[in-house]
Amino acid sequence: MQTASCFRFILVLAAAVLMIAPGAQAKPLVYCADSGPEGFDPGLWDSGSTNTVTRQMFQGLLAFKRGTTAIEAKLATSWTVSPDARTFTFNLRRGVNFHKTPYFTPTRPMNADDVMFTFGRFINPEHPFNKAFPALFVYPQNMGLAKLIDGIDRVDDYTVRFRLKAPNVTFSTNFALAWAAIHSAEYADQLLKEGKASQINNLPVGTGPYRFKSYTKDDVLRMDANPDFWGNKQQTNALVFSISREPNVRVQKLLAGECQVTAAIRDVDMAAVDGKPAIIVMKTQALNLSYLSFNMRKAPTDKREVREALDIAVDRDAIFKALFPRGDAIQAVSAFPPSIPGYNKKLKNEYNPERARQLLAKAGFAGGMEIDLWALPVARPTNPNGQLMAQLIQQDWAKIGVKASIRTFEWGEYLKRANNGEHSVYMSGWGGETGDADEFLTPNLSCAANQSGVKFCNKDFEKLIDDARATVDPKKRAVMYEQAQEIFKRERPWITMAHSAVYIPLSRDVVGFIMAPNGSVDFENVYRK
């Protein structure tokens, strides 16, 4: 009798252990981020730090297949493109639930209304939500989305059709980018009724594997697994972004076990993780670019001769020795990496201080001049030390009679002031996801991206990239991009700097992490053993 009782007790205990085991094994996953998000509305921002955050909580109609530039269905189950590349039809996934949070409880699954709301904000300034919460949708504006789209049709509850004014062979890929993530129209209606439309940028509601929990600015962001996620149940219950601006601090946190994955690290930090048995380092030669952008609206950088002089006065060889000691970066010559079709191999960089002085004299600055040079306040793989890069460029420019005052700001303030055109020259960068030249050119160098006159706008360049988007033949597209790059190199809106390798170190107990071609991170189906 006693033996039987003991046996029954053991069975009950074993069953209890099995019931709690999954929760006990679901260890929190901590990511050491390099900066905090500017906000949580994907359409409002185009910085890598914000995209990394929103990518965990939101999804688009399409997505990039993990580790590749190929697109696949996500919130759409399928899509079709008309032969003339002007009509794009999406069949939506059924049974997709938006996040249930303390501030919102959905009453229906995602449907066509949510797609219509999301894209309606981008193309219609008179949209009721835009009236309540006026906002600048950076990426949609820069690509000229409102002028590109002729109309969006709600065919039925689960079918949406986009009609374009002109052919665009790259249009499908936009639906996989972070800015095109789908919002809940029902949540938006609730915010409008409550008079709280701006909260769409502070209290997010998406369909992704993780949902928002809390955020302390520039310190820590907490998310938890979405229990109603339409995909696989996440084995990570708590996803935490621990924000540390200093790269060496992030590395030390990783080594101490305080985080399991960290934002891309610099060449100089690699020695700290090399040979550590508990650490794996993933690497890719990313689709990225760093550059210095000239203010095209104000003197003296509004003059082409000045821009060319400042460009050819930069000793890139010396800068690369200081910033990229491992030799895994290459000098950027054009506006996109050489691995992308349409790259113009004939173009070269030049280092010629004497000719630079001659150009300055021709522009009316024989006695020299003063400008400001903005140093990137965050470390990026293509620019691991903005202050050092600025100091080296400052020394180069001093040799041709240019006195540069180095300035910098907190990341969010830096972006805002640069967009307002307060700079003479500021450091920036770009990472691509599609492997197509248009993703680098249109959002950054088209006239649509230059509403204020601060950035580049050239009619001949514009025609070439517009024609390339409308051209199905890859060879003809490539020729157009080569010609566009010749104009870019002649006009010098940027000083192109580097394309770099990206290193992401992670703990060996992390399972399912796949590095994207641009070095971005996605924690869906990622967990700790």
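Before the first stop, one term: two residues are in contact when they have heavy atoms within 4.5 Å. Among contacts between residues at least 6 apart in sequence, 71% join residues at least 24 apart. Keep in mind that you're looking at a predicted model.

**Stop 1: the whole chain.** Show everything as a cartoon. You'll be looking at 18 helices and 20 strands. The radius of gyration is 25 Å, close to the 24 Å that the globule rule gives for 529 residues, so the chain is as compact as a globular protein of that length.

As for what's hidden, buried residues make up 56% of the 529 in the chain. Colour by charge and you'll have 64 positive and 55 negative side chains, with the centres of the two sets 2 Å apart.

**Stop 2: C32 and C259.** Select this pair and show the side chains. They form a disulfide, with the sulfur atoms 2.4 Å apart. Which distant parts of the chain does the pair link? C32 sits in strand β1 (residues 29-33), while C259 is in the loop between α9 (247-255) and β11 (261-262), 227 residues away. Both C32 and C259 are buried, so hide the surface for this stop, since buried means under 20% relative accessible area. The torsion about their S-S bond is about -105 degrees, so this disulfide is left-handed.

**Stop 3: C447 and C457.** Here's another disulfide, with sulfur atoms 2.0 Å apart. Both C447 and C457 lie in the loop between α16 (438-445) and α17 (459-469), so the pair ties together parts that are 10 residues apart in sequence. The torsion about the S-S bond of C447 and C457 is about 90 degrees, so the disulfide is right-handed. C457 is partly exposed, at a relative accessible area of 41%.

The count of disulfides comes to two. Counting bonded cysteines along the chain, the pattern is 1-2, 3-4.

**Stop 4: I400.** Select I400, in the loop between α14 (386-398) and β16 (402-407). Is I400 buried or exposed? With 6% relative accessibility, I400 counts as buried. Leaving out residues up to four places away in sequence, I400 touches A309, L310, A313, P353, A356, R357 and L360.

To finish, draw a distance from I400 to N174: 43 Å, C-alpha to C-alpha, for two residues 226 apart in sequence.

Methods:
Residues numbered from 1 in each chain as written. Predicted model: local features only at pLDDT ≥ 70, side-chain atom pairs only at ≥ 80, totals over all residues. Heavy atoms only, no water. Disulfide = S-S within 2.5 Å. Helix = DSSP H or I, 4+ residues; strand = E, 2+ residues; numbered from the N terminus. Buried < 20%, exposed > 50% of the residue type's maximum accessible area, 1.4 Å probe, protein only. Rg over C-alpha atoms; globule rule 2.2 N^0.38 Å. Lys, Arg positive; Asp, Glu negative; His and termini not counted. Charge placed at Lys NZ, Arg CZ, Asp CG, Glu CD.
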